Amino acid sequence: MEQKNAVYIDGQLVELNGEKNILELTRKIGIEIPTFCYHSELSLYGACRMCVVEVEGRGIMASCSTPPAPGMKILTNSPRVQRVRRTVLELLLANHDRECTTCDRNGSCKLQELANRFGVKKIRFGERDVKLPLDHSSHSLVRDPNKCILCGDCVRMCAEVQGIGVLDFAGRGSKTVVTPAFHKNLADVDCVNCGQCSAVCPTGAIVVKDETDRAWAFIHNPEKLVVVQVAPAVRVALGEEFGLPAGEIVTGKVVAALKRLGFDKVFDTSIAADLTVIEETHEFIQRLQNGERLPQFTSCCPAWVKFAEHNGVEYLKNLSSCRSPQQMFGSLVKKYWAKEIGKKPEDIIVVSIMPCTAKKYEAALPQFATGGIPDVDLVLTTQELARMIREAGLVFDQLDVESFDTPFGFTTGAGVIFGTTGGVAEAVLRAAHEFVTGKPIDQINFEAVRGFAHRKEATVEIAGQQIKVAVVHGLANAKTLLQEIKEGKADYQIVEVMACPGGCVGGAGQPIAPTMETKKERAKGIYNADKLSQLRKAQDNPVVTKFYDQWLAKPNSAAAHEALHTSYSNRGRINGEEIELLTSKQPDTVDIAVCVGTCCYLNGSYDTLQKLMKLATATDVKDRINLHATFCLEQCEQGPVIKVDDEIINGVTPDTVEKVFAEKIRPKLG
Amino acid sequence: MKQEGVNQAPKEERSTTYQRKFEKVNEIINRLGRSQSALIPILQEVQEEYRYLPEEILTYIATALGLSPASVFGVATFYAQFSLEAKGKYVIKVCDGTACHVRGSNPVLAAIKKRVNLTGDKKTTSDLRYTVETVSCLGACGLAPVLMINDKIYGQMTPEAINIILDQLEKEEAADE
């Protein structure tokens, strides 16, 4: 009997409910079809061909990109399907560096897993003999093109979810590679180190930089006091590495494990997050009262900060000047606590355990060092901590719980929810009302900013003023929001941005999460930890109050600014060469550079350039001017920008260029 | 892993013609439109101007079209018609398809390389005068061995003939200047 709206899968009648493809349908009935390039949050690509099924009358089809049609007879495990899948795997393996034992993804590699699952014992094809160089340039990631199977997951993740497009395919046929533009290194392009590419990579082609050896060296150095801080999101994810369910709060076990590994003091980054809330909220209130630099963007996420430094320079002044909790922690430990315990900053080593790959890059930034000594010496991801626990032979499950050390161990729920999207905004909302009116707010939970929607909004009344808050996660969503703000279509006073989908719980340093559900469970864990806290507001943290009394005077004081705040710089987009337009051989020439970077280009720098070119080739000044187009003069908010010798001149529009030429350039030519 | 050895003309020589070319790039972008679908025609015309696709110009095109530089690089490296290395004023394509090969394309290629002083894998002379490449078939097997210099086809080549042709070319060029 033929059913109208159903298909047969391996002889079983399955009803259709608007499934977009056969793969979705089979997963619903408990058949796990293997895939490399299929991710529900990314666009369909259909490249890896692992998900093939046999459709009667149509032959072998890719189930990810074939919509089910009523009456279809689908076989998911026919001899033909088995043969094709094995051949696909063999071909992929033939083109893949198979040094599994020394690979970072040994044991968590999808290619390895599927080769095992489908019984590939022999590869009939030769091995690729050309070895491509590895890219070690990034502080956060290592790229090994020899392990790339060209599934394009990283390419689509970076372009679609993060809105950047650092990586793309280059070349064709057997010479195809995935690479940043012009085969540049990751450190030389606009990569923000979020590491989401590594989180979707099925193999070891992009991995988190492993620095566990450095951690062991610090631990085993008897002259150093090694302190470690643990970020909020770590405590709801580390358990997954040891077979515990996602979202289970394992704080006590994490502390115990760190102590057993040999760290001298185990502290909680959440206390620095409490501090961030207080600083950031005061900063916000001040801006609100002055009506300046709004919306205020959060600045805890280093990937978002770098994204803004590349792509949103006109909004850099809107970023909160607060350092991230990780850096606030390091700064306090080295600047103040060291003195208190009678140690020199260089004798204390600060290690962070973070869910994040970009934190590795952040810790290495020169502005986060005091007298040449970094505030945070080493950043390990949740994955790396798991590796160390395994290496030390600790049975995680059986560890007795322990509690954080003082003084950086006492936190409130506000500092803990920093670990998930919406958490920073919520923590600020719990404080802002009280700071303005002097009266604590009744509302603790702000459900509107919770959850995994692409953009969340809330309006809160503070002293008669409506404060509009927006929360985005995933940088593509941040990019859209920036665009709307630019066009005047969006009006907010506070914007929280976290680069990774789900916020820090979905960071690329966390255990590899197969689906969004895992990240949602972790977020639930974070909110549970908040619920379990006796104190839920950052301003109620007595230890933080003590820090102000002892060290920092008051929020946003000079001392607080020195230790807890920072500034941002424009990074341009790509390390590009200049375009030379006029070069003179004369000795006394004037150098003019015209910016044609994104902002200036959109502001009409090309027309400025055209006019300048005409002016510069006029007979009386001919051969006296060197003219080039350059990619960024780092003054984007005031473009078009030109540079005359060493002087930067902003806002040189086609209308004013003649005036600028007459006043600034001609006098130099005598 | 930046690729080394990319040919670039000496600075001074570049700048004299650069200004005119950059104006042309903008004219091309404006004429073909700043949409992503115009990328390939833009690259084709820009390559006509520069004889190759310079890195900084590709980044500029990416900016103008709202694409990532990596995507533009991807397109530019996908098609064999695009070159990211500077090519000579005269591009000599020597056919090495079956017909040309058996009728002696190798000695012709060797003669050209010797004449323009190219050794090893180098394809373009350091003065950016000549680029010598082999191609698989020019579709003129009846004239084998055959070669092209820029847009002009030369059939039934011999090592002696190529020297005469290049003599002629250089004489014409000198007369032009």
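**Reading the model**

Mentor: Buried residues make up 29% of the 177 residues in chain B. A residue is buried if 20 or more other C-beta atoms lie within 10 Å of its own, exposed if 12 or fewer, and partly exposed in between, with C-beta atoms placed from the backbone. This is a predicted model: local features need pLDDT of at least 70, side-chain atom pairs count only at pLDDT 80 or more, and totals for chains, interfaces and linings use all residues. Residues are numbered from 1 along each chain as its sequence is written, while chains are lettered from A and ligands numbered from 1 in the order in which they are written.

Trainee: How many helices and strands does the secondary structure of chain B come to?

Mentor: Helices (H or I, at least four residues) and strands (E, at least two) are DSSP runs, numbered from the N terminus. Chain B has seven helices and four strands. Along the sequence, the pattern of chain B reads α-α-α-α-β-α-α-β-β-β-α.

Trainee: What do contacts say about chain B?

Mentor: Two residues are in contact if their C-beta atoms, placed from the backbone, lie within 7 Å. Take the contacts in chain B between residues at least 6 apart in sequence: 62% of them join residues at least 24 apart.

Trainee: Into which domains is chain B divided?

Mentor: Domain bounds come from an automatic or database domain assignment. For chain B, the assignment gives domain 1 (11-78) and domain 2 (90-176). The C-alpha centres of these two domains of chain B lie 29 Å apart.

Trainee: Which domains does the assignment give for chain A?

Mentor: Chain A has domain 1 (6-77), domain 2 (92-208), domain 3 (213-564) and domain 4 (579-669). Between the C-alpha centres of domain 3 and domain 4 of chain A there are 44 Å.

Trainee: Is helix 9 of chain A enclosed or exposed?

Mentor: Count its buried residues. Nine of the 10 residues of helix 9 (residues 302-311) of chain A are buried, so helix 9 is largely enclosed by the rest of the structure. Among them are W304(A), F307(A) and H310(A). The cover over the buried residues of helix 9 includes helix 11 (358-363), helix 15 (475-486) and strand 19 (494-498) of chain A.

Trainee: Which residues of helix 3 of chain A are buried?

Mentor: In helix 3 (residues 110-117) of chain A, they are K110(A), L111(A), Q112(A), L114(A) and A115(A). Helix 2 (79-94) of chain A is included in what covers them. Just after helix 3, G119(A) takes a positive phi of about 65 degrees.

Trainee: How do I describe two packed helices?

Mentor: Give the angle between their axes and the distance between the axes. Axes are lines fitted to C-alpha atoms, for helices over the stretch in contact, and angles run from 0 to 180 degrees between N-to-C directions. Helix 8 (residues 269-290) and helix 14 (residues 423-437) of chain A pack at about 55 degrees, with axes 9 Å apart. That makes helix 8 of chain A oblique to helix 14 of chain A. Angles under 35 degrees count as roughly parallel, over 145 as roughly antiparallel, 65 to 115 as roughly perpendicular and the rest as oblique.

Trainee: Which residues make the contact of helix 8 with helix 14 of chain A?

Mentor: Helix 8 of chain A contributes residues including V277(A), I278(A) and F284(A). Helix 14 of chain A contributes residues including A427(A), V428(A) and F435(A). The residues of this contact divide into 10 nonpolar, two polar and one charged. Ala, Val, Leu, Ile, Met, Phe, Trp, Tyr, Cys and Pro count as nonpolar, Asp, Glu, Lys and Arg as charged, and the others, Gly among them, as polar.

Trainee: Which residues does a cis peptide bond join in chain A?

Mentor: L294(A) and P295(A), with omega about 0 degrees. In chain B, a cis peptide bond joins A144(B) and P145(B), with omega about -10 degrees.
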